[in-house]
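Please look at the sequence and the model first.

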Amino acid sequence: MIYVIYWSQTGNTAEMAKAIEEGILEAGGEAKMLAVGAASPDDVKDAKALALGCPASGAEQLEETEMEPFVEQFERIAGGKNVALFGSYGWGGGEWMHNWEDRLKTAGANIVGGKGIVCMEAPDEEVLKECKELGKELGKVN
């Protein structure tokens, strides 16, 4: 099972999550999409691959009440896992994604595709295509 865990306020990151899930399924993988509030690091402790999505919040950071606590706990079990990252933003330059990539690399995770997928505001067709391709990469991991 490949989990696609995300937090979305406006629906932009949820739309990206859906495209990743579609890619996983097209590649023959099993996918389960969950809002982060319904997920636990225990869900993914045995997973070889997963996707995490969160828009930029505040001063270019992860959403603080649900996603940040999840990521803090996940870092303890991230070693050796293949993790895809994605999210949208409305301001700034995407620094939150670079910081998130670095955090998970430091925790021992492999960032699928080498970097997270970001978009400003709503994802366009090109971004959704990138998300689907990323999902296909994840779908081949298990």
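## Asn-12 and its surroundings

Beyond the neighbours within four places in sequence, Asn-12 is in contact (heavy atoms within 4.5 Å) with Ser-88, Glu-121, Ala-122 and Pro-123. The model is predicted, so local features need pLDDT of at least 70 and side-chain atom pairs pLDDT 80 or more, while totals for chains, interfaces and linings use all residues. Residues are numbered from 1 along each chain as its sequence is written, and side-chain values use heavy atoms, with hydrogens and water left out.

Asn-12 belongs to helix H1 (residues 12-26); helices are DSSP runs of H or I with at least four residues, numbered from the N terminus. Asn-12 counts as buried because its relative accessibility is 13%, and buried means under 20% relative accessible area with a 1.4 Å probe, protein chains only. The Asn-12 side chain reaches the backbone oxygen of Glu-121 at 3.4 Å.

## H1 and H5

The axes of H1 and helix H5 (residues 125-139) come within 6 Å and cross at roughly 45°. Axes are lines fitted to C-alpha atoms over the stretch in contact, and angles run from 0 to 180 degrees between N-to-C directions.

## H3 and H4

Helix H3 (residues 67-74) and helix H4 (residues 95-106) pack at an angle of about 25°, with axes 10 Å apart. That makes H3 roughly parallel to H4. The contact involves Met-67, Glu-68, Val-71, Glu-72 and Phe-74 of H3, and Trp-100, Arg-103 and Leu-104 of H4.

Note on methods
Helices (H or I, at least four residues) and strands (E, at least two) are DSSP runs, numbered from the N terminus. Buried means under 20% relative accessible area, exposed over 50%, partly exposed in between (1.4 Å probe, protein chains only). A polar contact is a pair of N or O atoms within 3.5 Å; within protein, one must be able to donate a hydrogen and the other to accept it, and residues adjacent in sequence count only if both atoms are side-chain atoms. Angles under 35 degrees count as roughly parallel, over 145 as roughly antiparallel, 65 to 115 as roughly perpendicular and the rest as oblique.
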